[in-house]
Each structure stands twice: as structure tokens, then as C-alpha cells.
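I opened the notebook to record what I looked up in this structure, entry by entry, with the confidence values first and the details after.

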2 protein chains.
Amino acid sequence: MFGTLNEIELERLIAGQWVGRIACCDNGKPYMVPISYAYDGTFIYCHSDEGRKVNIMRRNPQVCFQVDEMKDMANWKSVVMEGFFEEITDPKERNDAMLTLLNRYLPVISSVTTHLGEHWPFYPDDASAIDGLIFKIRIQSKFGKFESNTLSPAIPG
Amino acid sequence: MFGTLNEIELERLIAGQWVGRIACCDNGKPYMVPISYAYDGTFIYCHSDEGRKVNIMRRNPQVCFQVDEMKDMANWKSVVMEGFFEEITDPKERNDAMLTLLNRYLPVISSVTTHLGEHWPFYPDDASAIDGLIFKIRIQSKFGKFESNTLSPAIPG
């Protein structure tokens, strides 16, 4: 069966995934890439290098962000969000957003002890020392769909 | 390590996946959804119902199509394609495209025998009897990236 995700299922899906896809428009030409993210219940936070998508979003901040969970072709959930790109430049807000991202990611990255006795990955002493751009997506709308099918074995007539 | 997929890796990735994401632009506003597809080495073929994405692509046929394979956060491949939406209306071409899609999908869908003795899913006698819209994407560019990391266990000093 096909259906629409309710509010709780939709929030759970966004909070539960690590990678989404972000789409933007460059003078009528769509561009999209996968990107890791963290969700605090209000904003989507992302870390990015400078490059094509950031250049496009600075000119046109309208974005579409999509997250899904695909078990197989007949069992999946997907949510499509529309919103606006906002670059985070305030040092305090950037630091908080970076910690939101680190708190989401570091626990799921395999940890090793290097031959120098360091643990990798590690929390930096100062999150502001991490290079790159931090942005958030101000979500305007969310819409989720699912397909769920259990093929039961045939009952011989 | 990060890197760029070469031509062979890129073609293999597109041919090997079943679901991609298609993005389009609606007067400067991006829209994107996951969609199943088949690739014949030249075109991406998709089946769709009428709706928002089709309405947008009929007005602005520029699309971005993205396919990936995500093992984990540190091991993934992704390809981003830019191209044009082309609706298939010619009956012969529509039938061929539908068979390309069926040949890709039916083998990976679990098969059951219903209580009526029918096998489901089944090849239709006439692919033109299947409802919905068939379109192809005329690909203009492809660009693929990967990340590959093997975390080796720590060797105690």
C-alpha cells in the first residue's frame, strides 16, 4: 500500500537519517547532490566546502531537501522539504551548529586508536577551528510518502 | 580517500542501481523526488503518474538526475547527471521503453502465486496497456565522486 506519512513518522524519518539530497536552481537549471546533515527539530544543518552548490544557493536560496529510507523497491519512506538556504556566519551560532553536526556524526563513525595513541575521530577542542561553510535550511514545508508491502505466501486453492 | 569516478565506474554505478532522484526547477524553485529508473547506456527511462514533477518538467525540461551507492558515511559513490526530460508519446517507442523498465524491475520483485493461480508480478501481454507516463532523460553531462576508507585496527605501540 501507498500512503502519506503522518507528522510523527515524518519527524522520525528526518531525525533518523544521516544523508539527504539537496537541490537548488541555477537560472532555471536544477543541480542536486547528496549531503550529510543534522536535524534539531527545526533546522537542517549542513557542512560544505565552497563550490558550485554554495555559489548557486547564495544567488538563489530556494532549496529542496529530500530524505528517505529504502528497504527495498516495495518498502520505503521518503520526505520532501522545501525551504531556504541560510549561511551561518555568526561565530557563536556557527560553533553551536558545528557541535550539532559533530554530536550527530562522531558516535556513528568507527573509532580507532592510531599508532600515536590518538583516538580518531575526536572532538576538536574548538569547533570554530574546523574549516568550511556551515549553513542551515529554514524549512517551509514537509511532505512524506511511503510504500509498504508484505507479500504473503500463496495459499493453494 | 576522496576521488572522481572514471568512465567505467560511473557507467557501472548508473546501470547497477534501481532508484535515483530527479530534480527540476519550477520558476526558480527546486523540486526533487526519488524515482525508479532503467538505463540502457544512453537514456534514463522512468515511469510516472501525472502530477507536480511532470507538470514542472513539461514547462522546463532541464533536469538533474542523481544516483548513489552508500555503504556507510565513509564509503560511497555518487553520480550527478544533467539533461533534458523528453516525454515518450510514440506508441512503439513507449512500448520499448516500458519493456526496458519491466526487464529491469520484474526480476528483482518477489514473485508469488495468488490464490487465483496467477503469478504476480507478471509480464503483461501488451506493455502499452500499462497506464501512466513514460519519459526518458537525454543526458548532457555526468560527473561521479566517491569516498573510500578502510579503518585498519590500531597496532599497539
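**Entry 1, confidence.** I note at the outset that this is a predicted model, and that the predictor gives the complex an ipTM of 0.86 and a pTM of 0.88. For chain A I read a mean pLDDT of 87, with 84% of its residues at 70 or more. I then asked which elements of chain A have the lowest and the highest mean pLDDT. The lowest belongs to strand E8 (residues 112-113) of chain A, at 52, and the highest to helix H2 (residues 52-59) of chain A, at 98. At residues 152-157 of chain A the pLDDT stays under 50, and the model has eight contacts beyond four places in sequence for that stretch.

I listed three helices and ten strands in chain A, and from the N terminus on their order is β-α-β-β-β-β-α-β-β-α-β-β-β. Of the 157 residues in chain A, 26% are buried. Taking the contacts in chain A with a separation of 6 or more, I found that 67% of them are between residues 24 or more positions apart.

Which residues of helix H1 (residues 7-16) of chain B are buried? They are B:Leu10, B:Leu13 and B:Ile14. Viewed down the axis of H1(B), these buried residues fall within an arc of 95°, and so they line one face of the helix. As background to this reading, an α-helix has 3.6 residues a turn, so residues three or four places apart point the same way. On the face of H1(B) turned away from the buried side I found the exposed residues B:Ile8 and B:Gly16. The cover over the buried residues of H1(B) includes strand E4 (38-39), E6, E7 and strand E10 (133-147) of chain B.

How do strand E2 (residues 19-26) and strand E6 (residues 62-72) of chain A pair, and over how many bridges? They pair in the antiparallel sense over four bridges, and A:Ile22 stands opposite A:Phe65 in E6(A). E6(A) is also joined by ten bridges to strand E7 (residues 75-87) of chain A, again running antiparallel, with A:Gln62 opposite A:Phe84 in E7(A).

I looked up which residues touch the most other members of the largest nonpolar core, which has 62 residues. The answer is A:Ala23 and B:Ala23. Leaving aside neighbours within four places in sequence, B:Ala23 has contacts in chain A with A:Ala23, A:Pro30, A:Met32 and A:Cys64. In chain B, its contacts are B:Pro30, B:Tyr31, B:Met32, B:Val63 and B:Cys64.

Most residues other than glycine have a negative phi. A:Asn27 is found in the loop between E2 and strand E3 (29-36) of chain A, and it counts as exposed because it has 10 C-beta neighbours inside 10 Å, where 12 or fewer is the cut-off. In chain B, B:Asn27 also has a positive phi of about 55°, is found in the loop between E2 and E3, and is exposed, with 10 other C-beta atoms within 10 Å.

Last, I located B:Asp96 in helix H3 (residues 91-105) of chain B. Is B:Asp96 buried, exposed or partly exposed? With 16 other C-beta atoms within 10 Å, B:Asp96 is partly exposed. From B:Asp96 to B:Trp18 I read 78 residues in sequence and 18 Å in space, C-alpha to C-alpha.

Key:
Residues numbered from 1 in each chain as written. Chains lettered and ligands numbered in written order. Predicted model: local features only at pLDDT ≥ 70, side-chain atom pairs only at ≥ 80, totals over all residues. Helix = DSSP H or I, 4+ residues; strand = E, 2+ residues; numbered from the N terminus. Buried ≥ 20, exposed ≤ 12 C-beta atoms within 10 Å, placed from the backbone. Contact = placed C-beta atoms within 7 Å. Pairing = 2+ DSSP bridges. Core = buried A, V, L, I, M, F, W, Y, C linked by C-beta atoms within 7 Å. pLDDT = per-residue confidence, 0-100. Arc of directions from axis to C-beta.
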